[in-house]
Structure formats: C-alpha cells, structure tokens
Amino acid sequence: MSESKIISIEDQEELAAYLEGGLGPGERARVEERLVRDERYYELFEIALESFSTEEPEVSPAPSEPTAFPTARPSGPRSNTGWLLPLAAGLVLLLGSFLVLRSPGPVDPWATLAEVDLSGLAASHDWSRQSWSLPRGSGTSSSPSQAAFRLGVRLVDLEVAQRGGDRELAVGLSTETVLLGEALGKRSVEEAFRRLRADLLEAEDTDLGGVRASLLAELEGHPGLEPFLFGAQVELRRLLVLAGQLKELRETEALRLPSAFEGNEKAAGLMREIDSLLRTDEVGEVRVRAAYDALIAALAG
Amino acid sequence: MQTADEGPADLRKADREGVEKVFLEHLSFIEDRLEHQAQRSSFSGEVAEDFSSWAKMRLIEDGYRRLRAFKGRSRFTSFLTVVIANLVHDYRNHIWGRYRPSAAAKRMGAQAVELECLLVRDGLSENEAVAMLLSEGGVPQVHEEELRELASQLSQRQFGRTFVGTEELAELEAPNTDPGSEAQRRSQSLELVLDAALAGISAQDFLILKMIFGSGKSVADAARALRLDQASLYRRRDRSLAKLRRHLTESGFDWSEVREVLNWQVVVDSQLTAEDESEPAVEIGTER
C-alpha cells in the first residue's frame, strides 16, 4: 500500500470538516487526493463515515457547578502490565489496612481475606481489564445503590492502582469516584473525592486510609453503606482469583446479596453460581472470574 | 439540552478547566460514539469495556492534548467523531493485528467474530477454538453446538482457501520470506497505478470508484458521503470506470493486475448498468 503519513489531530479536524461539507473546493480536492493515495487515511475515513451516517446523540449540559475534572499530566504511554511489578509488594498491606476496617456483619469475611497474599496479581495481565470507565451521563444515571456498589469496587481499584504506582489510572479512577459520589447524593463524599483527586493531580501524598475512614463515617446509616461494602468485597474476591488465590477464596465465608439488590434475579443467580463454583474443586479460575465479572456488571448498572 | 450543533469554536487557548468542562459536556456523546464503534467492531463485553476505558484515557491524557488542538474548523462533535474513529483504528490494530473480521462473521455476532479470530488469526483448529471459547465462556454458558454451527458457517465462507496437510506443505516451494520485498513491490506498483490513474481521471472520480469497488459501498452511500447527487453518480461511476480502464490499458497496465494491486475485491469486468442499484451488475468476488 502507499506510504501513510502520520495522521495528526489537524488532519483529523480537516477530515471532520470534509465529512460535514465544510471545506472549500481546493481543500476538498486535497483531502480527496490523500484519500486516494493514503490507505491509513482512507481507513480512518471509512470508520468515521460509519458514525457520521448515524443520528447524532444529544450533548449533556455542563454540571451546574464547575467540576474539576482530572487533567492527566504528561506521561508516557501506559503499559498494560509493566506497572504491576511494584504493585505486588503493596497488596498484602492494602488488604490488611482496608479489609479489617469494617465488618459488615457478625462474621467478617474480610478478616479472612486480610491474611491472603495477592502478590500473584502481579503476574496477571487481566486486572486492568476492569479499569476505570465513567458512569454514563456523568454519573447521574446510576441509582444510589448502584453508585455505592460501584464506589466500593472502584475504591479498591484506586488503592491497588495507587500503591502500584500507576498514577494515570489512579487519577482516572478518582474521577469516577467523584462522579459516583455525586450520584450518591452525598455532598461531603463528593468533596472528599474531589480533594483526593486534586492531591493525585498535584502528585502529593494521598491519604486513602483517611478517605476511607471519613467515607464510612459519612455513610453511617445511609442506604448506600451496605452496597458500598459489598462492592469492595466482590472486587477483592475478583482480584484474589486473578492473583491465583482460588484455594484461599474457597475458604472464605460466602457473601450475601445486600437487601438493596433484592429482586435483582440476575445478580442472585450469579451469587448462587459463584457459591456453586467455589464448592467444586475442579472448576478453574477462568469460570470463577467470569462469574465475578458478570456479577459486577449486573450490579454496577 | 444543548444540541450537538453547539460547541466550542476553538480550544487552543482554553485553560484546563475550560477544556474539562467541554469534555464533561460531551461525555455522554463520547460514550455513545465509543459504544457505537465497539458494536461496529464487534467487540464483546470485556473488550468493549477495555476499549472504552482506553479511549477515554487517550482523550484526557497530556492535559486533553487532543481536544486542545481543536481549531473550530468543523463542529466539535464532528471532530470528536473523527478523533474517536482514529482511536478505534489504533485499538483494532492493537487487538487484531493485520487480521480483520469478515463481514460474514460480523453479521453473525460477537461470538462468531471471536471464533473466526481464533480460527483465522491464531490458526487454531476448530476443536481447539471451540474448547477455548467454552473454557472462557463462564457465564453466560456457551453451547458447543452453537459454536460448531458457527464454525461450519464460517468455514463455508472461506472462498478459494485450500487447506493442505503438513506433508504436502513441506513439499511446497518456500515463499520469499523477506518481509520487505513483497510489501515494497506492492507499494511501488500501487504508486505507479495511482499516478497513471490520476493522470486520467480526477481524485474524486477515483475515490468514488474506490468506495464502490474497493469497499463495497452502495452508490447511495458514496453519494451521501461525498455530498453528490445520487442519480447522476451511476452514470459518473460507469464513465469513470470506462475512462480509467482505457487510460490504464493505454498506459501499459494489465487491467486484471491493476484490480489486484488496488485490492478491489468487487469484480468490475461485467458490463455495468446504472439503473438498479439493488441488483448491481457487479459480482461480489470475496468477503472482506
């Protein structure tokens, strides 16, 4: 194929203008000449065309007050796995500090998990598959229970990312936690995460333990507390599977679906499925992990 | 609600908060576009989520570098659409390499794309590919019979492909393994053909032919994309094709080789008729 030039952002804007018919005759001819000669540029044209042929969705208005969205600082491209190596060292400490903080009931499954070594996670290429993704509509479309559940999941991810030294991922996750805090309807929670994100952006020391403590205090008596704790536990179990600690996971107490999710038949079915899988020694990690992934998807909304 | 027509005029001098605000305002639009592209690319659940996260990271990295380059030459939503298209292109290359799912597999759904990927790109046998998908299926359960049926349908689509045993393979003459030579020769041939072609017809005429015969677009799609009158495009297509063939033949090129160099997989040797697009006089040769 013909030599492909680098497609700069300027080129992309020019192509956008071409596709909406906004260029003059000379500019159009230049774009068409390149479309004929540059295969890479033509492939981009084809892909973009597919979106142009669909009706444009609406654009949401800006939040009523300015949201200090994270601006990732210049950094090299994020490797999928390279940063996982330093992560291993921090994981036992992470679980020790996070899991014993709060017991959701008479039996504390987290206390058992706190003894488990997650260093095997470093060898996994899949943990970041659940990397951050913003809730649709800037977080306002999630129900408070869904938002609380997702907050639990993401707070664990955030701590893992931060301790692993992946600042870019931590900043992204902190953005999601701000939006989830907003969806939770707890101004103080939202503010706590804004401060956390600002610290991450400024590369200052961040006190995640303090954030967790104040978060739990704020959620005392709030209907989001139970889903939040449940989300954290589910994510910790998923990470255990990824770390190759299935045997240890089999020894933990079974989780119970929070009352906020009663009626969610899919989630209830997946909980039963997970229990059943964990009771069967022959079942491998792939199926258990898939079940946890599906459970998170079913409850995160 | 703000409409998609509204948007910033120029972001080059906007401060960080300003760009963040624009990003947030368009977050829903961005996620819709990402979802659309994931569907068009037949990314399954986990891959789609990974793509969405990766693409958003690319948009915010380096202080929203991509968004801050916006000069206002197009609508902001059009600009975003192309930037996201470029990201999906990169992501496809990352996960697919040089392999591209066939149109047939895409039509059959994400499971068929995954299956074809294992069969064609990774070179697994049907048994191996089915076993792998079953072991990764987890929840929801994947049924072996469905996968076998998909594999059967996909194999019927492999037009002209012949499989030989290892003994026969060993007896075949080894191909030229120099990675540069074939690509280089092809690139040079293409350049020559393009130079000659564009001396005979305009770039826009050639683009029309490329879209129709190279990409399999309908005349209606090409007309819409290039903002041309559809009715006249049938005649223009035929005239351009005839002119191109004559010009290239007179320039010493063999038409069948030209088609191969251009990678036009739609056979254009048949006589073209302009009237009925739904029954094109062109013959579809192979799936892309």
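**View 1. Tyr64(B), a residue of helix 3.** Tyr64(B) is buried, with a relative accessible area of 0%, in a model that is predicted. This residue belongs to helix 3 of chain B, and its phi is near 60 degrees, a positive value in a residue other than glycine. Asp62(B) is also a residue of helix 3 of chain B, and its phi, near 55 degrees, is again positive although the residue is not glycine. Is Asp62(B) buried or partly exposed? With a relative accessibility of 27%, Asp62(B) counts as partly exposed, because buried means under 20% and exposed means over 50%.

**View 2. Phe70(B) and its surroundings.** Phe70(B) is found in the loop between helix 3 and helix 4 of chain B, and at 0% relative accessibility this residue counts as buried. Which residues does Phe70(B) touch, if those up to four places away in sequence are not counted? Within chain B, Phe70(B) touches Pro8(B), Ala9(B), Asp10(B), Leu11(B), Arg12(B), Arg75(B), Phe76(B) and Phe79(B), and from chain A it touches Glu13(A). Asp10(B) lies 60 residues from Phe70(B) along the chain, yet the C-alpha atoms of these two residues are separated by 5.7 Å.

**View 3. A salt bridge between Arg73(B) and Glu27(A).** The side chains of Arg73(B) and Glu27(A) meet in a salt bridge, with a distance of 3.0 Å from N to O. This pair crosses between chains, since Arg73(B) sits in the loop between helix 3 (45–68) and helix 4 (76–96) of chain B, while Glu27(A) sits in helix 2 (residues 25–37) of chain A. Arg73(B) is partly exposed, with a relative accessible area of 33%, and Glu27(A) likewise counts as partly exposed, at 30% relative accessibility.

**View 4. A salt bridge between Arg37(A) and Asp195(B).** Arg37(A) forms a salt bridge with Asp195(B), and the closest N and O atoms of the pair are 2.7 Å apart. Here, too, the pair crosses between chains, from Arg37(A) in helix 2 of chain A to Asp195(B) in helix 10 (residues 179–200) of chain B. Asp195(B) has a relative accessible area of 41% and is therefore partly exposed.

View 5. Arg238(A) forms a salt bridge with Asp293(A), whose closest N and O atoms are 3.6 Å apart. The pair links distant parts of the chain, with Arg238(A) in helix 10 (residues 225–242) of chain A and Asp293(A) in helix 13 (residues 285–300) of chain A, 55 residues apart. Are these two partners buried or exposed? Arg238(A) is buried, with a relative accessible area of 1%, and Asp293(A) is buried as well, with a relative accessible area of 11%. Elsewhere, salt bridges that share partners join Glu14(A), Glu27(A), Arg30(A) and Arg73(B) into one network. A search of the whole structure finds 26 salt bridges over all chains.

View 6. The buried residues of helix 14 (residues 255–262) of chain B are Trp255(B), Val258(B), Arg259(B), Val261(B) and Leu262(B). Why can these residues be said to line one face of the helix? Seen down the axis of helix 14 of chain B, the buried residues fall within an arc of 165 degrees, so they line one face. The face turned away from the buried side carries the exposed residues Glu257(B) and Glu260(B). Just after this helix, Asn263(B) takes a positive phi of about 60 degrees.

**View 7. Helix 11 and helix 13 of chain B where they cross.** The axes of helix 11 (residues 203–214) and helix 13 (residues 230–250) of chain B come within 10 Å and cross at roughly 100 degrees. That angle makes helix 11 of chain B roughly perpendicular to helix 13 of chain B, because angles of 65 to 115 degrees count as roughly perpendicular. On the side of helix 11, the contact is made by Gln204(B), Asp205(B), Phe206(B), Ile208(B), Leu209(B), Ile212(B) and Phe213(B). On the side of helix 13, the residues in the contact are Leu233(B), Arg236(B), Arg237(B), Ser240(B), Leu241(B) and Leu244(B).

**View 8. Chain B as the setting for these close-ups.** The secondary structure of chain B comes to 14 helices and two strands, and buried residues make up 45% of its 288 residues. Among the contacts in chain B with a separation of 6 or more, 61% are accounted for by residues 24 or more positions apart. The accessible surface of chain B comes to about 14,700 Å², of which 47% belongs to carbon and sulfur atoms.

Methods:
Residues numbered from 1 in each chain as written. Chains lettered and ligands numbered in written order. Predicted model: local features only at pLDDT ≥ 70, side-chain atom pairs only at ≥ 80, totals over all residues. Heavy atoms only, no water. Helix = DSSP H or I, 4+ residues; strand = E, 2+ residues; numbered from the N terminus. Buried < 20%, exposed > 50% of the residue type's maximum accessible area, 1.4 Å probe, protein only. Contact = heavy atoms within 4.5 Å. Areas by Shrake-Rupley, 256 points an atom, 1.4 Å probe, with all protein chains shown as cover. Salt bridge = Lys/Arg side-chain N within 4 Å of Asp/Glu carboxyl O. Arc of directions from axis to C-beta. Axes fitted to C-alpha atoms, helices over the stretch in contact; angles between N-to-C directions. Parallel < 35°, antiparallel > 145°, perpendicular 65-115°, else oblique.
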